[in-house]
Amino acid sequence: MSVRVRFAPSPTGPLHIGGVRTALYNYLLAKQQGGAFILRIEDTDQKRLVPGAEDYIKQSLEWLGLTPDEGPGYGGEHGPYRQSERKDLYAKYAEQMVADGNAYYAFDTPEELDKMRKDQEALGHHSAKYDARIRLQMRNSLTLDQEEADKLIAEGKGIIRLKMPADEDVSFVDLVREKVTFNTDQLDDKVILKADGMPTYHLANIVDDHLMEITHVIRGEEWLSSTAHHVLMYRFLGWEAPKFTHLPLILKPTGKGKLSKRDGAKFGFAVFPMEWYDKKEEVTYAGFKESGYDPKALLNFLVLLGWNPGNDEELMSIERMTELFSLDKIVKSGARFDVDKSKWFNQQYLMSTPDAHLLPPVKAIKPEGLVVEDAYLTKVIGLMKERVHHYGDFYTEGSYFFSAPTEYDDKQIKKRFKPEIVPHLEVIKAMVSTHSGDPSAMSTAVKGYLSDKELKMGVYLPLLRIMICGRLTGPDLFDIIVALGAEETSSRMVKASEYFNATLS
RNA sequence: GGCCCGUUCGUCUAGGGGUUAGGACGCCAGGUUUUCAUCCUGGUAGCACGGGUUCGAAUCCCGUACGGGCUACCA
């Protein structure tokens, strides 16, 4: 049987970075095994549905290169892939479980449930569950007489709850954690079919996984505690359960708890693949895409957050990850999100990618109003890529490639500037014009002149750099000058000389 | 509170009875460079704690502490 995995997000908001990693692991297993990667939209909670969220999820997956083989809009033999469109499928399985005595109808109102919980709280029971101890005190098809129950069911007032067997150890194998066991006495009678006729996650999930012939369930650790319910339902329905793998959570960079959407702003990085505007909160959440990350670097960073190939390889293409991936190498404990390391991965990606390939994404993030030719931008990319971390840095760190400096590093100038150097700078300016197309000739000429006159390179070159760039960091000075051209360079030198003379002499 | 899962440098991790506990990011120092970055060399720093098993424990067992998840007609 060929491997079929699914990524099953709920369209209640943007795709979280943890979700991206879950999608990635699913994708890698599918590709490695020659199987199918399925996108399923779990929109059974109509109240929490957010318009645009599904599109956002799909666009994010596309941007990341994790294109589903099947899913809404992607075709496939097991559709529809949106649970709201599968609504009518679920009830019969819930009813079958009722008929078999493994589930029952319940008629309690939200107020009654609330009262039960409060009463139990008063008796000293924390977070009371609707379970074997409670169910016979509530209004359901177990306690009401048949006629009354049938009437309520006919009126559509019933929901369906799973009936947990008494005192039974339910074990299942988690591919990461090995054997995990829950006792049914600790488990509640979960609602599986809601009043609006929609299934809850638990029912929809196992029905769809079965119908879509899913072989491996790879999901976040937050589902580990309800897996026993799922295993029981597979058994009640006489179905074979898929293999389970629960992924450790991604934690905040510092402090307690899992990474949340607000941590992005708090720590100054993105927690979503792409920018997302939250209409309710009227806030825009930053995206990795807009922050200047390349999806390949992001994925490389994420794949190592909770998994390793078993050797020292860190820099991997998607193809390489696919080759090396294995579920049993997934780590058990939660991983903190390390912004510094994510930056390093992006820089590594930049350095190892041909300049021309970098052009489109760099252009895509170009500041408004800036006009620059492809050939020139490509040149700048080549000169700058090993000293930046994100796509946007080409414009900020390399601002002097696009416009003359508007301010100069006064501290550095004062350290070196003396009036008597001015004539020498004039000579250098002339050399720049003579060798405007050849950085090495220019370099030789200027350095030759300096050494002939016994002038210090450590004084003149930095000063020259400040005149042209305004600051003391950047690529080889002569490469910059050649890129800028003789005319622009001369004009910057004139402008800078005026500034030096006016403010320093 | 209950149940479940976890705990190796600051961070991501390798190692699963005998290792000088390895790598990567970060940080620090040195080299290269006009500068920054890259690159190279070196350094810093870790087995949560307490018992037990064993000739021997980071590794196996128990307990404690700490962290995490779940505990909805949410996923």
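Asp 476 caps the N-terminal end of helix α20, with a side-chain oxygen 2.9 Å from the backbone nitrogen of Phe 478. Helices (H or I, at least four residues) and strands (E, at least two) are DSSP runs numbered from the N terminus. The model is predicted: local features need pLDDT of at least 70, side-chain atom pairs count only at pLDDT 80 or more, and totals for chains, interfaces and linings use all residues. Residues are numbered from 1 along each chain as its sequence is written, chains are lettered from A and ligands numbered from 1 in the order in which they are written, and side-chain values use heavy atoms, with hydrogens and water left out.

Helix α20 spans residues 477-484 and is largely enclosed by the rest of the structure, because seven of its eight residues are buried. Buried here means under 20% relative accessible area, against over 50% for exposed and in between for partly exposed, with a 1.4 Å probe and protein chains only. The buried set consists of Leu 477, Phe 478, Ile 480, Ile 481, Val 482, Ala 483 and Leu 484. Just after the helix, Gly 485 adopts a positive phi of about 95°.

Of the atoms of RNA strand B that come within 4 Å of the protein, 71% belong to sugar and phosphate. A residue counts as near the strand if one of its heavy atoms lies within 4 Å of it. Helix α12 provides the largest share, five residues. Individual side chains approach both sugar and base atoms. An N or O atom in the side chain of Gln 186 is 3.1 Å from a sugar or linking oxygen of RNA strand B, and one in the side chain of Arg 465 is 2.8 Å from a base nitrogen.

Strands β1 and β2 pair in the parallel sense over four bridges, where pairing requires that DSSP finds at least two bridges between two strands. Phe 7 stands opposite Leu 39 in β2. With helix α1 (residues 17-32), the two strands make a right-handed β-α-β unit. A crossover is right-handed if, with the strands pointing away from the viewer, the path from the first strand over the helix to the second runs clockwise. In a regular strand the side chains alternate between the two faces of the sheet. In β2 (residues 36-39) both faces are covered, with Ala 36 and Ile 38 buried on one side and Phe 37 and Leu 39 on the other.

Arg 6 lies in β1 (residues 4-7) and is buried, with a relative accessible area of 3%. Its side chain makes polar contacts with those of Asn 205, at 3.3 Å, and Asp 209, at 2.9 Å. Not counting residues up to four places away in sequence, Arg 6 touches, among others, Ile 38, Tyr 201, Ile 214 and Val 217; contact means heavy atoms within 4.5 Å. Val 217 in turn stands opposite Phe 244 in β9. Strands β8 (residues 216-220) and β9 run parallel and are joined by five bridges, and together with helix α8 (residues 227-237) they make a right-handed β-α-β unit. Four of the five residues of β9 (residues 243-247) are buried.

Glu 70 lies in the loop between α2 (53-64) and α3 (87-99) and is buried at a relative accessible area of 9%. The side chains of Glu 70 and Arg 4 form a polar contact of 2.8 Å. Contacts of Glu 70 beyond four places in sequence include Ala 36, Phe 37, Ile 38 and Leu 39.

Technical notes
A polar contact is a pair of N or O atoms within 3.5 Å; within protein, one must be able to donate a hydrogen and the other to accept it, and residues adjacent in sequence count only if both atoms are side-chain atoms.
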